[in-house]
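Subject: Structure for you to look at

Hi,

Here is the structure I promised to pass on. Please open it before you read the rest.

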Amino acid sequence: MTDVREVITRVHREEWARVVATLARRLGDLDVAEEMTAEAFAIAVERWPSDGVPANPGAWLTTTAYRKAIDHLRREVKRDEKHREALVLSDTPEPLGTIDDDRLRLVFTCCHPALAMEARIALTLRMVGGLTVPEIARAFLVEEAAMGRRITRAKAKIKAARIPYGVPFREDIPARVTGVLVVLFLIFNEGYLASDPAKEPVRGDLTAEAIRLTRLVRVLLPADGEVAGLLALMLLTEARRPARVSASGELVTLEDQDRGAWDRELIAEGHALVRQRLASGQAPGRYQLLAAINAVHTDAPDLRATDWSQVVALYDQLVRVDPSPIVRLNRAIAVAELDGPDVALAEVDRLPLQGYHLFHATRAELLRRLHRSEESRAAYDAAIELAGNTAETAHLIRRRDQLAGP
Amino acid sequence: MAQYLLSVLFDSNDLATEEEQAAIDVFNERLQTDGHWVFAGGLASPSTATVVDARGGEPVFTDGPYLESKEHIAGFWIIEAPHLDVALRLAAAGSKACNRRVEVRPVLGE
């Protein structure tokens, strides 16, 4: 016999966004949609153990939430006729050529560029991901009340400024999809390498949530190469998570990771996506290139067997799409393997990244390989000074202390 | 339909150049033909402002703007749009035309 609680957890994962999105469109109110969906799930928790799980849990939840919402709105209207301010529905004349799904409207509304980035992240996790406010607050180490205010304020702006509940204008779609991907990638990165020293260095709950949301967006925008690219990038990064932090809480670099601990299933799925994108013949964007680079890494049995010329060639392509110094720093790391640390160091030294810990960490590693211990030590010191992640700091300190004494 | 105030933000008292003015005229015409136009105007420099406070009965007049700041509102449009995405597009076109930053704020409904 399956545990009903498990079923509810699964249904929550699968149906939350759909119920909120459907209600938001029918009611024209995001706030009520969210509240009533939560209430419907609470009723399910109460009733399903004795009544049994309905044949179509999603439909049951939508109907229950909708009925609750109608009751709620009737009371509201009685209390204050003017109180109800409708969510603005915008329907683009040309519906994207993709699945017309309310969840897509919900995603675009939560990731609207008129909202502050942290509000977009919080709203997406709440409305689309179904995380509770305390869960989101914990994930970002923010006080629960502050996180609640952040979400309330964002919802108030959506109403007052009439941020539409809909798919953007056709010309705006590429930029708006990029905006959605930025939100998803930020959620993933926060889980993968938390920036705050007070947080766990790697948090699987957030990376898993980011992957789940990206899978959903991929279902909604199946033709978008960058969505597939981001999903592949996340999968190939997540696959290495088990090997990434040592038992003592120290970051393990690619070179020293136990490749046997990598998740082969995730790697296979990521590789399949990368191959699919390559076969499409379309020019790859940023995420597809990053995914391809990670595919090369995860294809190699060890660091030395890595196809570095392929990695550098992909970085060359990436530099053309995104010529930022951080991309060039990562390219230089690959160049070190292909052309030697001296060539790489000359490139790194040209980059304006004095405030970035990985700039100093990269210099430290290159200088170490060139047997310039004193300079290497100074570079480690600078990197340790700037690093925020506890696992990273521990790794850098150990590397520094391994250097031959002066 | 909702109304939005598009405020033109600027940090000097220089008026629009001839080119900018021509682009603004084109933009204004487009607002009118497309049915977004409510009202618009350029503002004289903040140093010409007078603040009036009659809360205490007799009005008190103070020379100058209510807030000394580097940036001020150099002009504005009030437009009508069905939702923010339309308002933002118009604001982007307006910002391009007048060559200045534009703040978009919804006007409260009835």
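**Confidence**

This is a predicted model. Chain A has a mean pLDDT of 89. In that chain, 91% of the residues reach 70 or more. One stretch needs care. Over residues 92-99 of chain A, the pLDDT is below 50. That stretch still has 13 contacts in the model beyond near neighbours in sequence. Where pLDDT is low, predicted coordinates should not be read in detail.

**Two domains in chain A**

Chain A is divided into two parts: domain 1 covers 4-81, and domain 2 covers 101-227. How far apart do the C-alpha centres of these domains of chain A lie? The distance is 21 Å. The domains touch, with 12 residues from domain 1 of chain A and 12 residues from domain 2 of chain A in the contact.

Now look at the domain 1 side of that contact. Two elements of chain A each give two or more residues to it: α1 (4-27) and α2 (30-51). The largest share, 9 residues, comes from α1(A). By type, the residues on this side divide into 6 nonpolar, 2 polar and 4 charged.

**Helix α13 of chain A**

Next, find helix α13 of chain A, residues 308-321. It has 14 residues. From first C-alpha to last it reaches 20 Å, close to the 20 Å expected at 1.5 Å a residue.

Which residues of α13(A) are buried? They are V311(A), L314(A), Y315(A) and L318(A). Why do they fall on the same side of α13(A)? Because they cover an arc of only 105° around the axis. On the other side of α13(A), D316(A) and R320(A) are exposed. The cover over the buried residues of α13(A) includes two helices of chain A, α12 (286-299) and α14 (325-339).

**Where chains A and B meet**

Last, the contact between the chains. How many residues does each chain bring? Chain B brings 7 residues and chain A brings 10 residues. On the chain B side, helix α2 (residues 84-98) of chain B gives the most, with 3 residues. The residues on that side of chain B divide into 5 nonpolar, 1 polar and 1 charged.

That is everything I have for now. Send me your questions once you have had a look.

Best wishes

Notes
Residues are numbered from 1 along each chain as its sequence is written. Chains are lettered from A and ligands numbered from 1 in the order in which they are written. This is a predicted model: local features need pLDDT of at least 70, side-chain atom pairs count only at pLDDT 80 or more; totals for chains, interfaces and linings use all residues. Helices (H or I, at least four residues) and strands (E, at least two) are DSSP runs, numbered from the N terminus. Ala, Val, Leu, Ile, Met, Phe, Trp, Tyr, Cys and Pro count as nonpolar, Asp, Glu, Lys and Arg as charged, and the others, Gly among them, as polar. The expected span of a helix is 1.5 Å times one less than its number of residues. A residue is buried if 20 or more other C-beta atoms lie within 10 Å of its own, exposed if 12 or fewer, and partly exposed in between; C-beta atoms are placed from the backbone. The arc is that of the directions from the helix axis to the C-beta atoms. Domain bounds come from an automatic or database domain assignment. pLDDT is the predictor's confidence in each residue, from 0 to 100.
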